[in-house]
Amino acid sequence: MRIASNSRHKYSAIVLSLFLLCLTARICFGQTELDKQMTGAWDATWAHFYSPQTRLFYDFLQSLEPGKTLDHLPTQNEVETLSPNVYGYGTAMEDCAISGGVALEALILRYGNEKRLGASASELATIKSQAQDVFSGLELLTTVSGSPGFVARGVSPKAPGKCYINSSRDQVTHLSGAVWEYSVSELSDVQSRARAADILYAIADRMTRNVIPENDYDFLCADGSRCRNGICRMKEVEDHEAARLTMIYAVAYDVAKRQGDQAREKEYWARWRELADATVAQSAHIRENTALSGRMPAYALLQMQESLAILYRLEPDVELRESLSQTLDYVADLAKARQHRALNALKTRDLTVLAPPWRVVGGLTGEYRACWYAPRECGELALTIALNPQKDSLDAESLEVLKTALTTPDYWKLTSCGILHLLQAYELARSLGKL
């Protein structure tokens, strides 16, 4: 008995020593401080960028005064008259579908991270409730126009039930991917999974109706007109855009299968397989198309990577998966090559500057645009690297760049929605065991 008791004491001492070692390591490497800073970033995001009325996040701030951070959003008359343009460009509500998608995916990751680290039931319930609200905001974007399957860019709290009439494949990409991620996560329930399925069915069906030669493969504006500048075209697009339509059919197929809707499962499977080979081949072509890959902005890299990553996870064909794997690696490398330049921009810009009045200056223009985009670009590049589902792409150098980017802003003074991209990158790195 004495030997067993001594063994237990030695074991307890070893466990205690390991715990203290881990705690010391966290402190030495600044992880405790980083976690504290990023918790503040979450708090600032909810306080400054989120509207509980619409359950959406907005693009930039013209004021940090409590209760007035969203006072600059368009009025009902401005939205109804499509002022200043059909997209809502420069009004701080042009990218609500993108931001909401990023936020929802970040919350899904946050829930898993906090659960793994032993968060209380009430803390987990709060994150789950937040995710449900953000999902409802994305759902609003797919119903507000009254045009089935149309994804509005945003809805202003001052203009409930209204939206600008033009969308983009970028908005649809982020929203579709996030809704699918939510539907297959443990945060969704039977009811929300059914709602998510309806959203993805409506988007896929809109593509089937409208993405035809007669419309120049455009999924059309909310009023049925053609998009003004080609950003709603879903076929005959550039390499980095080739996977968007295919991804939409793939996630619609997946939720139909999960919902037991055999008719839709069969339909979306057929449409996915019709596009699969050409999509993977064109996506792979970017590895040779250096002229295109050299000029792709970070947001395009991220949207390509998101689409490819989802297809990789769902694709049953071994050869197609191998090609997708190689393209995912290539896109991650493109992002790695730009990280230091983006970090330098983040460190040298005044991230506390307020956005100028958009009604006066015409939106996101001039020096402020560079200040606004700097945190977003750092987040987009980190996500592009880390979203590679079949390889640990977030290497030591990329992780150090991300850590520096995360600790650079004063989040309570940051006026850019790039805060959301940094938060998702942080949560994704945590989920990979990097932070």
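1. Basis. The model is predicted: local features need pLDDT of at least 70, side-chain atom pairs count only at pLDDT 80 or more, and totals for chains, interfaces and linings use all residues. Residues are numbered from 1 along each chain as its sequence is written, and side-chain values use heavy atoms, with hydrogens and water left out.

2. Salt-bridge count. A salt bridge is taken as a side-chain nitrogen of Lys or Arg within 4 Å of a carboxyl oxygen of Asp or Glu. The count under this rule is 27 salt bridges. As background, side chains of opposite charge can pair when their charged atoms come close.

3. Arg-376 and Asp-95. These two side chains form a salt bridge with an N to O distance of 3.1 Å. The partners are 281 residues apart: Arg-376 belongs to helix α15 (residues 366–386), and Asp-95 to the loop between α3 (76–80) and α4 (96–116). Helices here are DSSP runs (H or I, at least four residues), numbered from the N terminus. The classes are buried (under 20% relative accessible area), exposed (over 50%) and partly exposed (in between), with a 1.4 Å probe and protein chains only. Through shared partners, salt bridges join Asp-95, Arg-153, Arg-376 and Glu-380 into one network.

4. Lys-115 and Glu-186. The side chains of this pair meet in a salt bridge at 2.8 Å, N to O. Lys-115 is in helix α4 and Glu-186 is in the loop between α6 (169–183) and α7 (190–210), so the bridge ties together parts that are 71 residues apart in sequence. Lys-115 is partly exposed, with a relative accessible area of 44%. Glu-186 is also partly exposed, at 45%.

5. Glu-367 and Arg-349. Here the salt bridge has an N to O distance of 2.7 Å. Because Glu-367 lies in helix α15 and Arg-349 in the loop between α13 (339–348) and α14 (358–361), the pair ties together parts 18 residues apart in sequence. Arg-349 is partly exposed, at 32% relative accessibility.

6. Lys-336. This residue is in helix α12 (residues 318–336) and is partly exposed at 24% relative accessibility. Which residues does Lys-336 contact, leaving aside its neighbours within four places in sequence? They are Ile-385, Ser-393, Asp-395 and Ser-398, where contact means heavy atoms within 4.5 Å. A polar atom of the Lys-336 side chain lies 3.1 Å from the backbone oxygen of Ser-393. The C-alpha atoms of Lys-336 and Leu-428 are separated by 16 Å, and the two residues are 92 residues apart along the chain.

7. Helix α11. The helix runs over residues 298–314, and its end C-alpha atoms are 25 Å apart, which agrees with the 24 Å that its 17 residues should span at 1.5 Å a residue. The expected span is 1.5 Å times one less than the number of residues. Of the 17 residues of α11, 15 are buried, so the helix is largely enclosed by the rest of the structure.

8. Most residues other than glycine have a negative phi, and most peptide bonds are trans. The bond joining Ser-83 and Pro-84 is a cis peptide bond, with omega about 10°. Pro-84 is in the loop between α3 and α4. Leu-82 lies in the loop between α3 and α4 and has a positive phi of about 55° although it is not a glycine. Leu-82 is partly exposed, at 24% relative accessible area. Leu-220, in the loop between α7 and α8 (244–259), has a positive phi of about 75°. Leu-220 is buried, at 8% relative accessible area.

9. Largest pocket. On a 1 Å grid over the protein atoms alone, a pocket is an open set of points where a 1.4 Å probe fits, with protein on both sides within 12 Å along at least five of seven lines; lining residues have an atom within 4 Å of a point. The largest pocket holds about 550 Å³ of space, the volume being that filled by probe spheres set on the points, which are joined across faces, edges and corners. Its lining has 27 residues, and Tyr-89, Asp-170, Pro-297, Tyr-299 and Arg-369 lie nearest its centre. Which helix gives the most to the lining of the largest pocket? It is α15, with 4 residues. At least two lining residues come from each of α6, α10 (290–295), α11 and α15.

Note on methods. A polar contact is a pair of N or O atoms within 3.5 Å; within protein, one must be able to donate a hydrogen and the other to accept it, and residues adjacent in sequence count only if both atoms are side-chain atoms.
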